[in-house]
Amino acid sequence: MQTAIARGDKGLPVATSQASNASLPDDELSLPAMVLREKALAHNIRWMQRFVDERGLALAPHGKTTMTPAIFRRQIEAGAWGITLATAAQCRAAYREAGVRHLLMANQLVGAGNMAIVSALIADPEVTYYCTVDSVDNVRALSHFFAARNQTVQVLIELGVPGGRCGCRSQEEALALAELIDTCPGIQVAGVEGYEGIIHGDDLPDRIRAYADELIATTAALVERGLTAVKRPVITASGSAWYDVIAAAFTESGARDRFLPLLRPGCYVAHDHGLYRRAHADILARLHSDPGDGLMPALEVWAHIHSIPEPGLVVAGIGKRDIAYDADLPIPLRRCRAGGDDSALSVNGWTVTGIMDQHAFIAVPADEDVRVGDIVAFGSSHPCLTFDKWRFIALADENFRVKDYLTTRF
């Protein structure tokens, strides 16, 4: 057991005596509760690691998705190079609580407080740390801070796209920034970083492939000009929707032989029932793979029916504080009646139509056999914004008995 069970904490058993084998269908947890299906979680970790291994690439899954040290450890044990994070505080949590020693911060390191966190991390000689840069001001601030401490921070030049998020807007701008870094103490270039998820419009596979090719060309240009300070420069991109296109570019161009190619998907580990399920179907189609051989949704949030105020309307005790709603509203998956036969219970025709802080409105068939107290499992879309709502996550077997409780560190 990974955490002491405190009575009344969200998503935990009501009684300590239930902690080791609590049953979700038997109503032995305080609901709502976030649940990870252990079989699907293990499958997804193996699936993605196999994907990168077969292509000769390396995996640095984005930890901001889960911020769950126990999951980081599973990913590293399965073969991941390290963990990608979004902030200095997240890097510190991954280092302290999961023992992660290879840290890729896919973000700019800005501010003395954040730099101090990184300074403490890289004082450990076993730590490899990278952050991104895209501006002269940031380069000078990093140089001033780390040179004063007789340290050197390794940075990746971020290459963006016009109208996108962060990043240099051209190869020429990236090379000019690298030339400046070459003259500054306390900072050195270790490669190039990009993120294709901000590219929109028509012909997306072709546009994303062109962007990947530009990342490769920029990294090669840095090497040719002697502007990288490491033997094997990093080249990294890919979120959870286009990693197959990025992987193909890295392998077909030979980048995997010249550089350290890191893929950074994060949502794969839990997958979902909406946004990334659709994206993964497209990936499998591009890979000409059997849809049944892909990732499995592992994340659910369980809640009670609280009210049936009128025919055709059911209100569940799950809301914006419990589950993501930015991409799609929650999806009812299954229903049970605590202590009863749930074989006849159905969520066919159930649709979440609205969500408030701690309530969800569900349209159901007017003659539905539904009762206050029924338990409903909901799927989510965009797992990042479900994980961050929970401190404790129930890890359950296929009979929905809880085998462990995982702790997040947002």
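**Close-up 1**
At 46% relative accessibility, Asp290 counts as partly exposed (buried means under 20% relative accessible area, exposed over 50%, and partly exposed in between, with a 1.4 Å probe and protein chains only). The structure is a predicted model, in which local features need pLDDT of at least 70 and side-chain atom pairs count only at pLDDT 80 or more, while totals for chains, interfaces and linings use all residues. Residues are numbered from 1 along each chain as its sequence is written, and side-chain values use heavy atoms, with hydrogens and water left out. Asp290 is found in the loop between α10 and β10 (helices are DSSP runs of H or I with at least four residues, strands are runs of E with at least two, and both are numbered from the N terminus). A polar atom of the Asp290 side chain lies 2.8 Å from the backbone nitrogen of Gly292. His288 lies in the loop between α10 and β10 as well. His288 is not a glycine, yet its phi is positive, near 55 degrees. With 74% relative accessibility, His288 counts as exposed.

On a 1 Å grid over the protein atoms alone, a pocket is an open set of points where a 1.4 Å probe fits, with protein on both sides within 12 Å along at least five of seven lines, and lining residues have an atom within 4 Å of a point. Grid points are joined across faces, edges and corners, and a volume is the space filled by probe spheres set on the points. Asp290 is one of the lining residues of the second largest pocket, which also include Trp47, Arg50, Phe51, Leu284 and Asp293. Helices α1 (38-54) and α10 each supply at least two residues of this lining. The largest share, four residues, comes from α1. By class, the lining of the second largest pocket has four nonpolar, one polar and five charged residues (Ala, Val, Leu, Ile, Met, Phe, Trp, Tyr, Cys and Pro count as nonpolar, Asp, Glu, Lys and Arg as charged, and the others, Gly among them, as polar).

**Close-up 1. The largest pocket.**
The volume of the largest pocket is about 680 Å³. Its lining is made of 34 residues, of which Tyr195, Gly197, Gly239, Ser240 and Tyr276 lie nearest the centre. Strand β4 (102-108) and helix α10 (275-287) each contribute at least two residues to the lining of the largest pocket. Helix α10 gives the most, with six residues. The lining of the largest pocket divides into 13 nonpolar, twelve polar and nine charged residues.

**Close-up 2. Strand β15 and its partners.**
Strand β15 covers residues 375-379, and five of its five residues are buried. Ile375, Ala377 and Gly379 point one way from β15, while Val376 and Phe378 point the other way. Strand β10 (residues 299-310) pairs with β15 in the antiparallel sense over four bridges (two strands pair if DSSP finds at least two bridges between them). Val376 of β15 is the bridge partner of Ala303. Strand β12 (residues 331-336) also runs antiparallel to β15, and five bridges join the two. Gly379 in β15 stands opposite Ile331.

A disulfide is a covalent bond between the sulfur atoms of two cysteines. The rule applied here asks for a pair of cysteine sulfur atoms within 2.5 Å, and by this rule the count comes to zero disulfides. The closest cysteine sulfur to that of Cys267 belongs to Cys384, at 3.7 Å, and so is too far for a bond. Cys384 is likewise in no disulfide. Cys267 counts as buried because its relative accessibility is 4%. Cys384 counts as buried because its relative accessibility is 8%.

**Close-up 3. The segment before β1.**
Asp27 is located in the segment before β1. Although it is not a glycine, Asp27 has a positive phi of about 65 degrees. Asp27 is partly exposed, with a relative accessible area of 32%. Pro32 also has its place in the segment before β1 (33-37). The peptide bond from Leu31 to Pro32 is cis, with omega near 10 degrees.

**Close-up 4. Lys64.**
Lys64 is found in the loop between β2 (58-59) and α2 (69-78). With a relative accessible area of 32%, Lys64 is partly exposed. Lys64 and Leu12 are 52 residues apart along the chain, and their C-alpha atoms are separated by 23 Å.

Conventions: A polar contact is a pair of N or O atoms within 3.5 Å; within protein, one must be able to donate a hydrogen and the other to accept it, and residues adjacent in sequence count only if both atoms are side-chain atoms.
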